Amino acid sequence: MEESGMHIQWYPGHMTKTRRMIAEQLKNVDAVCEILDARIPISSRNPDVDELTAGKPRLVVLNRADQADAEATRRWGAYFRGRGFAVLECDAKSGRGTAKFAAAVRELLADKLQAYAEKGQTGRVVRVMILGIPNVGKSTFINKVAGRKTAKAEDRPGVTRSKQWVPIDRGLELLDTPGILWPKFEDQSVGLNLAYTGAVKDDILDIETLGCHLMAYLGGHYPEALAAAYKLPAIPERQPEENTVAYGYGLLEEAGRKRGFLISGGEIDTERMARILLDEFRGGKLGRFTLELPEDL
Ligand code: G4P
């Protein structure tokens, strides 16, 4: 990226808290479930989790699949499966896919469950820790998976149940407070991806520059959808002499002109257009897009 000057807010306290929670609870869980944003599965993932969860079986949830490019989500699923993770695609808001969670966990832990069964320990409860960055959908996911109304209090006689565990079914429980991870801004594209999706505040970068970068990405990867969304005849390809921001700025101007966002002197209000673009992108009004792909890694 051409720009420097991104203002990233860093909250080391959050990560310290999560690290502590993981360290304390790891011994109590059988598996760790990481919730990712299917539109940005790498940017929404804290790579320290690999080391922090120390060899526990892992499930990756590609959440917000309703907002992501379905074909790209399929490729991401294959990518994570190829690295030994169980994968679940879902949309926690509508609940689509969440019903498969219990089966996915059992499949992940099949060997362990079989070993329990062989020892006659058939009633053992499997416990899972949920982790994810802010706003990725952790609470929504837990509520949907647990069918929240019954989740809080399950008073079966003779069973003392700690408040700490949310029962999913008779043999599966989740740790009731998800671990909040902080994304890791290893390069600026991660910061941009998190800003486009609204995972971090807009003031990471001025809104117009953010809009230029998003336009440039959509223009390069999803030209037809972008043209349709803004009723543009065709999206020009980026020229070799054009940098990302200049290309995106041109597209912002085109879209702004079409929308009639003019300021005095006939100039186009590209800042307003940038704000609208980000709002519409986040609201899913432009279509379903994935902002990073396994083959680009
Ligand atoms: P968190 O615990 O990880 O911080 O996230 P939380 O569940 O609070 O979800 C953050 C926002 O994302 C919520 O929207 C939630 O509805 C939305 N969301 C969660 N999962 C999905 C998904 O798979 N698809 C879509 N489209 N949205 C999802 P909100 O606007 O804050 O609240 P609400 O008005 O939607 O309830």
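Helix α6, which covers residues 138-146, gives the most to the shell around the ligand, with 3 residues; helices here are DSSP runs of H or I with at least four residues, numbered from the N terminus. This is a predicted model, in which local features need pLDDT of at least 70 and side-chain atom pairs count only at pLDDT 80 or more, while totals for chains, interfaces and linings use all residues. Residues are numbered from 1 along each chain as its sequence is written, and side-chain values use heavy atoms, with hydrogens and water left out.

Around the ligand there are 15 residues, of which R64, D66, K138, S139 and T140 come nearest; a residue counts as near if one of its heavy atoms lies within 4 Å of the molecule. By class, this shell holds 4 nonpolar, 6 polar and 5 charged residues, where Ala, Val, Leu, Ile, Met, Phe, Trp, Tyr, Cys and Pro count as nonpolar, Asp, Glu, Lys and Arg as charged, and the others, Gly among them, as polar.

In the side chain of R64, an N or O atom is 2.6 Å from an oxygen atom of the ligand, and a polar side-chain atom of D91 lies 3.1 Å from a ligand oxygen atom; a polar contact is a pair of N or O atoms within 3.5 Å. The ligand taken alone exposes 710 Å², and the protein buries 64% of that, with accessible areas computed by the Shrake-Rupley method with a 1.4 Å probe.

Methods:
A polar contact is a pair of N or O atoms within 3.5 Å; within protein, one must be able to donate a hydrogen and the other to accept it, and residues adjacent in sequence count only if both atoms are side-chain atoms. Helices (H or I, at least four residues) and strands (E, at least two) are DSSP runs, numbered from the N terminus.
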